[in-house]
Structure formats: structure tokens, C-alpha cells
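Here are my notes on the two-chain model you sent over. Have the viewer open while you go through the points.

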Amino acid sequence: MHRGKGMKFVGDSRIKANHRMPNVPKDYSEYPGKTEAFWPNFLLKEWMVGAVFLIAYLILTVAHPSPLEGPADPTRAYVPLPDWYFLFMYQLLKYSYASGPYNVIGAIVIPGLAFGALLLMPFLDKSPERRPSKRPLPTGFMLLTLAAMFYLTWEAVANHDWEAQKAMGAIVEEVDVDIDESLPGFAIWNGDSGDQAKSCIGCHAADLKGGPAAPKLVGNELTAEQVEDIIHNGRGGMPPGQFKGTDEEAKQLAEFIASLKAKK
Amino acid sequence: MLNKIYDWVDERLDITPIWRDIADHEVPEHVNPAHHFSAFVYCFGGLTFFITVIQILSGMFLTMYYVPDVVNAWKSVYYLQNEVAFGEIVRGMHHWGASLVIVMMFLHTLRVFFTGSYKKPRELNWMVGVGIFGVMMGLGFTGYLLPWDMKALFATKVGIEIAASVPFIGEWIKILLAGDSTILGAQTLTRFFAIHVFFLPAVLFGLLAAHFIMIRRQGISGPL
């Protein structure tokens, strides 16, 4: 057994290091108290801490499935919000002295100064003292920064309309609908037999998928009678008397719209 | 048997000194929660690394299903979340791990700060640590876009606008990240994917290696 001493290799091209530092572990005798071997005693305890942590982590994962909103669509309205750990920076940009013409202050200068100070901390605080109470300035600045971060995050969460975000980000179900083009109502909708239905298309869109002012008609849950009533009398934001055709045409149109049920 | 294999390798590669450097050292009493419960604050760094390992593993599994293009990205995440066996768990671990790693890293930073452990001779390790902090924030920012859902798109829009407000080089940073000076779309998604999966992890591994080598070299800081 050589165990690292004087090994001979075939065609050894290594430079001989006769004065190597012995790989003897550092001695902690300068610290008072009981030391413990890292391997395997301490590592086993670390693994136990890790296991407890992992259980909590998995409970969190199972109890709260990760969120997924509807697919990205730049044409839909949305109030953007960053991930929670960027919220304090996001909130900072809402104040008038850190936004608009002063945007650079909120977006770059303040975060840059804070991160730069953190990076250069060993050179800003060069005193040999290590206890927080013996170095009031670094401790004070850090506590102040923590308070500011906590306050800004709190403000961002409190001022955000979570309900609105949920509605704006919701996954819109795509419905699969057969459009029966042989129905007389289809011709009325299309405007083939005059222009009676053009006012429908204006709000409900030519593809029947609705718009900002009107719901989609595909996949509705209404009967022909209910649709006919809505055509004449309106509902919600739809005023009465929008349809300018005859009652017979209204009936045919209602039958067509009521036929747009989602396939089961 | 294992000893014989070890000896066979050791005889050829001289691995005993490497093993000693990594694992054969004493752990002082003041960082051992078995002796002083308050020493649990010294676990934060190790737990941060633990979650980082979980992030790497869960991320590797996510890329088996994830498709980084604008047509399929959201659909692949939706499929992974709702159809794939345990997909919800794997994505959930990656999602919550991203938050937990920030929390644990933040606590670790505060522990090092308030114990004054960044002082001589550990200045370099502190700076590498702050670098890791920055890389982790970057990983969080780039990973947020990848599901390609509403909040991903709009949060990234704001983030890129902030990057664009950097004086002088803002426009370059914006084009580098988004792939275009005006459009946030297909190019942006592939770039964020590449940054999230290749560039930043490569930087992270380098910084972590430096962080750990320095810890082994200097030992943990002494009691206050």
C-alpha cells in the first residue's frame, strides 16, 4: 500500500514535489469545546436536518400546486407583477421620486448602490470587530435595509388587486363547436339575406367568439326561446331592440345560436 | 470488497489526499446544533446547496417535457402539470424550490453578515457569495418567463424595460436578452431558456466550486 507516498508511474512526467504540504486536517484546538468528525458523524446529522427540511418542502409542494395562468397573449389586458422576491424593487418604482423622469434612480441607482455595498462589504467594514453590537454602522444599515425591503414588499402585496389578476390571467377554455351552415339562421347571421345581423357581429364578432363588450356565443347554454328573448329584450350590457329583422328571422337566428352547443 | 476497489484506485490515482480535503476534518463545537441549538443558523448555507441540487435535478426532468417555443411552451407546461405522472410534483418542487433557495440564501447571507464572517481573510469568499446571489436572482428572473403564461410575459416585459433603463448600455442589454429591440416573443423565449438552462448554471457551478474550495481552505469562521 502506497497511499499517496512515493507512487511510481510508467513514464512519470510530473514534477517532483518533495516539500508538499501534508494533507493533514486543520486543527481546531484553538477553539474551546468539543469538535466532531465531519465524516461520518456530523454529515449524518446534517442529512437528518436535510430530511426534515425535505418533508416540509414536499408538503408545501403537494398542498400548493404551482400556478399556471392562461397562455401568454399580449392583446389581453394584464397588470404585470414580478415574482415575490422582486416585489420590493417593483414597489420602489411606483414612488414619484423613483419613477417617470427619475426612473433611473429607482431602477438602477438605488438597487445598484445596495448591491454594490453588499459586494464590497469587507472593504467598507474593515474593523477587526465581529460582534454586531461592536460595529453599529454596518448593523444599523443592514437592519434599515431589511426594514425597507419588508415594508416595500408588504406595500406591494397590499396594493395589488389579486382578484383582478386572477381574472385577467385565467385559462380560457377553448370550446369545440360544430356550426351548422344549413340552418336559415346562419344566413341571417352572415348577412346573406340582408344586413339584419350586422349589429350582432359588431359586438359578438364574426367568428362568434365575442369581444370586450359582449360574451362569446359559441358554447352557450341557452335554449332557442331564451336566445330569442335576449335578441328582443337584451341582457346585461346588451340593450333591447338591437335586431332589426322580422320576428320570423329573429326566431331562426335564435335557433341557430342555440345550436352552438359545445360538443360533449 | 469496497476497500479493495478503493485501494486499487488509490494505488493508481492517489485519491486519499482529495478525500481528506473534502471530508476528513473536524467540525467545531460552535457550529454544531447538537451542542448549541442556536447554531442551526449555520445550516442555512448547506440547506441552500441542498435545494440547489434539487433545483438541478427537477430542472433536468422538466426539460424532458418542456418545449422552448412560443407555440408549444405553454401547452407543454400544461401537459406536464395535468397529464404527466408526478409532473405536478416535479414542477411544484422546481417552482417552490426557486422561492426557497432565495429564502435560504438570504438567511445564509444574513448569518454571515451578522457574525462578521466576511472579514479578513474571507473577503473573496464573501464576494463570490454575493455573485452567487446575483446569479440566483438571474435564474429566478429568466425561469419566470419559461411557462409562457400571462404573468410570465408581462413580468418579463417590465423586467426588460428596467434593464433597458440602464444608462448607456441599456439598449444593448435589452437586445441581448430579448433578441430584438421592440418585439418580446419567440427569440426572447429561446434566449431566456438558453440563459436559464446553460449560461447561468455554468456560471453558478464555477462560483459554487470557488465558494466551497475557499471554505475548505479557510475553515469555518471561529466563535464570536
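1. Chain A first: of its 264 residues, 16% count as buried, where buried means 20 or more other C-beta atoms within 10 Å of the residue's own, exposed means 12 or fewer, and partly exposed is anything in between, with C-beta atoms placed from the backbone. Keep in mind that this is a predicted model, in which local features need pLDDT of at least 70, side-chain atom pairs count only at pLDDT 80 or more, and totals for chains, interfaces and linings use all residues. Residues are numbered from 1 along each chain as its sequence is written, while chains are lettered from A and ligands numbered from 1 in the order in which they are written.

2. On secondary structure, chain A has 10 helices and one strand, taken as DSSP runs numbered from the N terminus (helices are H or I with at least four residues, strands E with at least two). The order along the sequence is β-α-α-α-α-α-α-α-α-α-α. As for contacts (C-beta atoms, placed from the backbone, within 7 Å), 60% of those in chain A between residues at least 6 apart in sequence join residues at least 24 apart.

3. Chain A is split into domain 1 (28-63), domain 2 (84-169) and domain 3 (184-259); the bounds come from an automatic or database domain assignment. Between the C-alpha centres of domain 2 of chain A and domain 3 of chain A there are 54 Å.

4. Now the interface: 59 residues of chain A are in contact with 69 residues of chain B. On the chain A side, β1 (36-37), α1 (38-63), α3 (103-119), α4 (121-124) and α6 (162-169) each bring at least two residues. The largest share, 11 residues, belongs to α1(A). By class, that side has 34 nonpolar, 11 polar and 14 charged residues; here Ala, Val, Leu, Ile, Met, Phe, Trp, Tyr, Cys and Pro count as nonpolar, Asp, Glu, Lys and Arg as charged, and the others, Gly among them, as polar.

5. β1(A) runs antiparallel to β1 (residues 26-27) of chain B over two bridges, and at least two DSSP bridges is what a pairing requires. A37(A) sits opposite E26(B) there.

6. Chain B has nine helices and one strand, in the order α-α-β-α-α-α-α-α-α-α. Its C-alpha trace spans about 55 × 50 × 35 Å along the principal axes. Of the 224 residues in chain B, 38% are buried.

7. Where's the largest nonpolar core? It has 48 residues, and V101(B), M136(B), L146(B), W148(B) and A152(B) touch the most other members; a core is a set of buried Ala, Val, Leu, Ile, Met, Phe, Trp, Tyr and Cys residues joined through C-beta atoms within 7 Å. Leaving out residues up to four places away in sequence, L146(B) touches Y66(B), A73(B), F192(B), F193(B) and H196(B). A separate core of 13 residues includes W189(A), V218(A), I231(A) and F256(A).8. On annotation, the unreviewed UniProt entry puts "transmembrane region" at residues 39-67, 96-114, 126-146 and 193-215 of chain B; positions use the numbering here, feature names are shortened, and annotations may be inferred rather than shown by experiment. Residues 39-67 of chain B are 66% helix and 0% strand, with end C-alpha atoms 44 Å apart. For residues 96-114 of chain B, the figures are 100% helix, 0% strand and 27 Å.

8. Please check the backbone at a few spots. Most residues other than glycine have a negative phi, and most peptide bonds are trans. The bond from W39(A) to P40(A) is cis, with omega near -5 degrees, and P40(A) lies in helix α1 of chain A. The bond from K120(B) to P121(B) is also cis, with omega near 10 degrees; P121(B) is in the loop between α5 and α6 of chain B.

9. Two phenylalanines have positive phi: F86(B), near 60 degrees, and F168(B), about 70 degrees. F86(B) is in the loop between α4 and α5 of chain B and counts as exposed because it has 11 C-beta neighbours inside 10 Å. F168(B), in the loop between α7 and α8 (170-178) of chain B, is exposed too, with 6 other C-beta atoms within 10 Å.

Key: Two residues are in contact if their C-beta atoms, placed from the backbone, lie within 7 Å.
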